[in-house]
Amino acid sequence: MAYEGAAMARLTRAQQQERTRSAVLAAAREEFVQRGYTPAKVDRIAERAELTRGAVYSNFPSKRALYLAVLVAMVEETATVEPARWPVSLEDALGEFARTWLDRLPLADEDAPGGRLRLRSLAGVVDDDRGRAVLAQLARLEALLLAVGLEARDPVAGRRVRLAELVLTLLGGAGALAETAPGFGDPFDRVRACRHLAGLDLADTWAPAHAPYVEPTEPRHESWIPPAGLPDQITGDPVDLAADGLVTVLGARRLGAAEETVRSARPGEQVTVVAVTDDPAETGRLVRLRVRDLLACLRGVFPADAWSSLRLVVDDGGLVASALGLAGVGDETETAVRVQGGAIVARAAGRGAAVSAAGAAPAGSRADSRADSPAGSRKGRAGA
């Protein structure tokens, strides 16, 4: 016992905090598996962890934050198994993605609370307008990530975002039914249905209504010191924010604008989307959960070079925003910069920021209509 006390005394404050946090997460996972989210009690979690209620709240400000942290930890534990071969056709890619996604469905004899945790269920967790707005934007980001993977299979075919939205809608419905009507439907039928969606002609084009009216920024040259070592959520590798290309900082309620960065960039440029929020404990964890969960599926279907030019950063600490001189970032933030030779050569903020910072409206966005548009109508708010 004296030895154990001496060992505890040698722990640094950071080590003690990490030990406490790990104990809380383990106890919370047991509680949520046994009881589900709504009936779970923080007092019982504290008792399981042999800690005080105050110790739990000192690490996690709410039960929601704790539940999301448990789900994030579960996703991070999920090992990605690369297939024996990468899918060569759109049908194969959709089928493999659907099969991988449906693997999360609860087993027939699994307890309901544990099954909901396996499903990454957010029923009763995200129940306010702010959370629903964030989920809507996350759904658009998820569709973009899947679409970029699909487009890499057949670059000539063009945009696949509407197809990705349709696939995610089908699979999301299967997940909802697994909660409300366990055992309903055949997963193999859903996989076949996703494969058949490849044959739909959805006339998919990208032409946001505001793009023709967004004015390019004036040339500038700003030195900056980008933060180093931030991980790319897609590959896990550190992101080089000084590389030539576009960097867009998007709040959690503007994540759908990520496609503007992808489509506006010039060929061969690096595209970096940085997700930020003023609520990292809950909204930040929600973003991290949904992004990592989807990417865990995608990495088991598509090779990493499917997103060769795209980088995705979840910047809970606001390090990128701070380096760019942005103050008070939140869920509505939308700022973009063009980086060339390590310096910022264009900067824009507000709706259409990425299009503006890119210097020109992208192909297919009806840029020719700009000359015919009324002077000053619906212009993008370019940075000074």
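# Worked exercises on a predicted model

Ala 203 sits in the loop between H10 and E1. The model used here and in every exercise below is a predicted one.

**Exercise 1. Describe the backbone angle phi of Ala 203, and decide whether Ala 203 is buried or exposed.**

Step 1. Phi of Ala 203 is near 45°, which is a positive value in a residue other than glycine.

Step 2. The relative accessible area of Ala 203 is 57%. The cut-off for exposed is over 50%, so Ala 203 counts as exposed.

Step 3. Glu 50 is found in the loop between helix H3 (42-49) and helix H4 (53-59). With a relative accessible area of 74%, Glu 50 is exposed.

**Exercise 2. Which residues of H10 are buried, and how are they arranged around the helix axis?**

Step 1. Arg 190, Val 191 and Cys 194 are the buried residues of H10.

Step 2. Viewed down the axis of H10, these buried residues fall within an arc of 100°, so they line one face of the helix. An α-helix has 3.6 residues a turn, so residues three or four places apart point the same way.

Step 3. Phe 188 and His 196 are exposed on the other side of H10.

Step 4. The partners of the buried residues of H10 are H6 and helix H9 (161-180), against which they pack.

Step 5. At the N-terminal end, H10 is capped by Asp 186, which has a side-chain oxygen 2.8 Å from the backbone nitrogen of Phe 188.

**Exercise 3. How many salt bridges does the model contain, and which parts of the chain does the pair Arg 292 and Glu 76 tie together?**

Step 1. The count comes to 31 salt bridges.

Step 2. One of them joins the side chains of Arg 292 and Glu 76, with N to O at 1.9 Å. Arg 292 lies in helix H12 (residues 280-298) and Glu 76 in helix H5 (residues 63-77), so this pair ties together parts that are 216 residues apart in sequence. Glu 76 is partly exposed, at 46% relative accessibility.

Step 3. Asp 92 and Arg 195 also meet through their side chains in a salt bridge, with N to O at 2.8 Å. This pair links distant parts of the chain, 103 residues apart: Asp 92 is in helix H6 (residues 90-102) and Arg 195 in helix H10 (residues 187-196). Asp 92 is buried at 18% relative accessible area, whereas Arg 195 is partly exposed at 32%.

Step 4. A salt bridge is also formed by Arg 347 with Glu 222, their closest N and O atoms being 2.8 Å apart. Here the linked parts are 125 residues apart, with Arg 347 in strand E5 (residues 343-349) and Glu 222 in the loop between H10 and strand E1 (245-251). Arg 347 has a relative accessible area of 14% and is buried.

**Exercise 4. At what angle do helix H2 (residues 13-35) and H5 pack, and which residues make the contact?**

Step 1. The packing angle of H2 and H5 is about 95°, and their axes are 10 Å apart.

Step 2. Angles of 65 to 115 degrees count as roughly perpendicular, and H2 and H5 are therefore roughly perpendicular to each other.

Step 3. H2 contributes Val 24, Leu 25, Ala 28, Arg 29 and Phe 32 to the contact, while H5 contributes Lys 63, Leu 66, Tyr 67, Ala 69, Val 70, Met 74 and Glu 77.

**Exercise 5. Which strand holds Gln 270, and what does its side chain make a polar contact with?**

Step 1. Gln 270 is in strand E2 (residues 270-276), and it is buried, with a relative accessible area of 14%.

Step 2. The side chain of Gln 270 makes a polar contact with the side chain of Thr 272 at 3.2 Å. A polar atom of the Gln 270 side chain also lies 3.0 Å from the backbone oxygen of Asp 240.

Step 3. Beyond its neighbours within four places in sequence, Gln 270 is in contact with residues including Val 239, Ala 243, Leu 246, Ser 309 and Arg 311.

Terms used: Residues are numbered from 1 along each chain as its sequence is written. This is a predicted model: local features need pLDDT of at least 70, side-chain atom pairs count only at pLDDT 80 or more; totals for chains, interfaces and linings use all residues. Side-chain values use heavy atoms; hydrogens and water are left out. A salt bridge is a side-chain nitrogen of Lys or Arg within 4 Å of a carboxyl oxygen of Asp or Glu. Helices (H or I, at least four residues) and strands (E, at least two) are DSSP runs, numbered from the N terminus. Buried means under 20% relative accessible area, exposed over 50%, partly exposed in between (1.4 Å probe, protein chains only). The arc is that of the directions from the helix axis to the C-beta atoms. Contact means heavy atoms within 4.5 Å. A polar contact is a pair of N or O atoms within 3.5 Å; within protein, one must be able to donate a hydrogen and the other to accept it, and residues adjacent in sequence count only if both atoms are side-chain atoms. Axes are lines fitted to C-alpha atoms, for helices over the stretch in contact, and angles run from 0 to 180 degrees between N-to-C directions. Angles under 35 degrees count as roughly parallel, over 145 as roughly antiparallel, 65 to 115 as roughly perpendicular and the rest as oblique.
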